Amino acid sequence: MSLKSIAVMTSGGDSPGMNAAARAVVRTALFEGVKVWGINNGYHGLLDEDMFEMQSKNVSDIIQRGGTFLGTARCKRWETPEGRRLGYENLKKRGIEGLVVIGGDGSLRGASLLSKETGMPIVGLPGTIDNDVWGSDYTIGCDTAANTIIDAINKLRDTASAHRRVIVLEVMGHHSGWLAMVSGISGGAEYILVPEEPYDLDAICNDMSEAYKKGKRYIMVVVAEGAGSGQEIGKYIAEKTQLDTRVSVLGHIQRGGSPSVIDRVRASQLGEKAALAIISGLSDIVFGFSKGRVVSIDLHDAVNNKKKLDPEYMHLAKVLF
């Protein structure tokens, strides 16, 4: 079976590289002689019939841009069977036979339900800076976000050293500590706090006090938001150690910026694979990377399994302290 008309959308939190992925889906489909539609603002656009037929020019001058030119949102209406049925009918009304969804765990879960309930062919691409989609070593945007954090660590280290301060840097990651871990390791942080591993803040404070007595000029603590509030942790450290402590919360700056080379190239590779797969009639798969190669992952498995933080990273963080 070869599909003649497909659609592409971005959903959930934006991530650098989404544009590169969508661009690759569109141009691959057009190269194969397949009609391709763009859906604006995630599942909201699907429900509100905010979609348009795309040409190559629609994806010109976007590969270098962060965010997503299609727009994105989180949609409560999509969480209901009635909402998903309406979305399906809106697709069928335009002759759209398959859908490529670029998004994180929640977005892919919503796509999985659409496929299960209606039979609509679905191919997913993991677009999330958290790098927390099961079955893939990489998600679109994670590399750019990690480099944004590294840039912040480099700058914060300069002022921390000048004032002999403790710096607590809070980064994104409600359920996954990947961003905190890889940026903390590569940024030379003394402590990395992640939701996957318990920590003893009193013991950390004692270690800090001893380190300063021995001449330590500054300490960098990187904390994933899911491991605790940076503000509260910073306040506790300051009160417990009496050390000059400052807190920086990066927030949504981690989502922005021009995508890195890795995110542009890998997102493009995934976009091409997704387009070719959906056109050929494949469904219920997510394309990701494993050991540097593109792999296909069962969509049901991807959304129903929890990705674990690499224990080698956690071990390395302790060794390099």
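# Reading exposure, salt bridges and sheets in a predicted model

Analyst: Asp 244 is partly exposed, with a relative accessible area of 30%. Please bear in mind that this is a predicted model.

User: With which side chain does Asp 244 meet in a salt bridge?

Analyst: The partner of Asp 244 is Arg 246, at 2.6 Å from N to O. Arg 246 is itself partly exposed, at a relative accessible area of 38%. Salt bridges may also share partners, and in this way Glu 49, Lys 93 and Arg 94 are joined into one network.

User: Are Lys 93 and Glu 49 buried, partly exposed or exposed?

Analyst: The classes rest on relative accessible area: buried is under 20%, exposed is over 50%, and partly exposed lies in between. Lys 93 has a value of 55% and is therefore exposed, whereas Glu 49, at 33%, is partly exposed.

User: Which parts of the chain does the salt bridge of Asp 202 and Lys 240 link?

Analyst: The side chains of Asp 202 and Lys 240 meet at 3.7 Å, N to O. This pair links distant parts of the chain, with Asp 202 in helix α7 (residues 201–213) and Lys 240 in helix α8 (residues 230–241), 38 residues apart. Asp 202 is partly exposed at 31% relative accessible area, and Lys 240 is also partly exposed, at 44%.

User: How many disulfides does the count come to?

Analyst: In general terms, a disulfide is a covalent bond between the sulfur atoms of two cysteines. The test applied to the model is whether a pair of cysteine sulfur atoms lies within 2.5 Å. The count here is zero disulfides. The cysteines include Cys 75, which is buried with a relative accessible area of 9%, and Cys 205, buried at 0%.

User: How is the order of strands in an open sheet to be read, and which strands stand at the edges?

Analyst: Four strands form an open sheet in the order β7-β8-β6-β9, with parallel pairing. β7 (191–193) and β9 (245–249) are the edge strands; each has a single partner strand, so one side of each lacks a neighbour in the sheet. On average, neighbouring strands of this sheet are turned by 15 degrees against each other, direction ignored.

User: How many bridges join β6 to β8, and which helix lies across β6?

Analyst: Strands β6 (residues 166–171) and β8 (residues 219–224) run parallel and are joined by six bridges. Within this pairing, Val 166 has Ile 219 of β8 as its bridge partner. Helix α5 (residues 142–163) lies across β6, β8 and β9, and runs at about 165 degrees to β6.

User: Which residues of β5 point one way and which the other?

Analyst: In a regular strand the side chains alternate between the two faces of the sheet. In β5, Ile 122, Gly 124 and Pro 126 point one way, while Val 123 and Leu 125 point the other way. Strand β5 (residues 122–126) is mostly covered, with five of its five residues buried.

User: With which strands does β5 pair?

Analyst: β5 runs parallel to strand β4 (residues 98–103), to which five bridges join it; Leu 99, for example, has Ile 122 as its bridge partner in β5. Between β4 and β5 the chain passes through helix α4 (residues 105–118), and this β-α-β crossover is right-handed. β5 also pairs in the parallel sense with strand β10 (residues 285–290), over two bridges, and Gly 124 has Val 286 of β10 as its bridge partner.

User: What is Ile 62 in contact with, leaving aside its neighbours within four places in sequence?

Analyst: With those neighbours left aside, Ile 62 is in contact with Asn 19, Arg 23 and Phe 69. Ile 62 is found in the loop between β3 and α3 and is buried, at 7% relative accessible area. The C-alpha atoms of Ile 62 and Met 18 are separated by 9.7 Å, with the two residues 44 apart along the chain.

Conventions
Residues are numbered from 1 along each chain as its sequence is written. This is a predicted model: local features need pLDDT of at least 70, side-chain atom pairs count only at pLDDT 80 or more; totals for chains, interfaces and linings use all residues. Side-chain values use heavy atoms; hydrogens and water are left out. Two strands pair if DSSP finds at least two bridges between them. Axes are lines fitted to C-alpha atoms, for helices over the stretch in contact, and angles run from 0 to 180 degrees between N-to-C directions. Contact means heavy atoms within 4.5 Å. Buried means under 20% relative accessible area, exposed over 50%, partly exposed in between (1.4 Å probe, protein chains only). A crossover is right-handed if, with the strands pointing away from the viewer, the path from the first strand over the helix to the second runs clockwise. A salt bridge is a side-chain nitrogen of Lys or Arg within 4 Å of a carboxyl oxygen of Asp or Glu.
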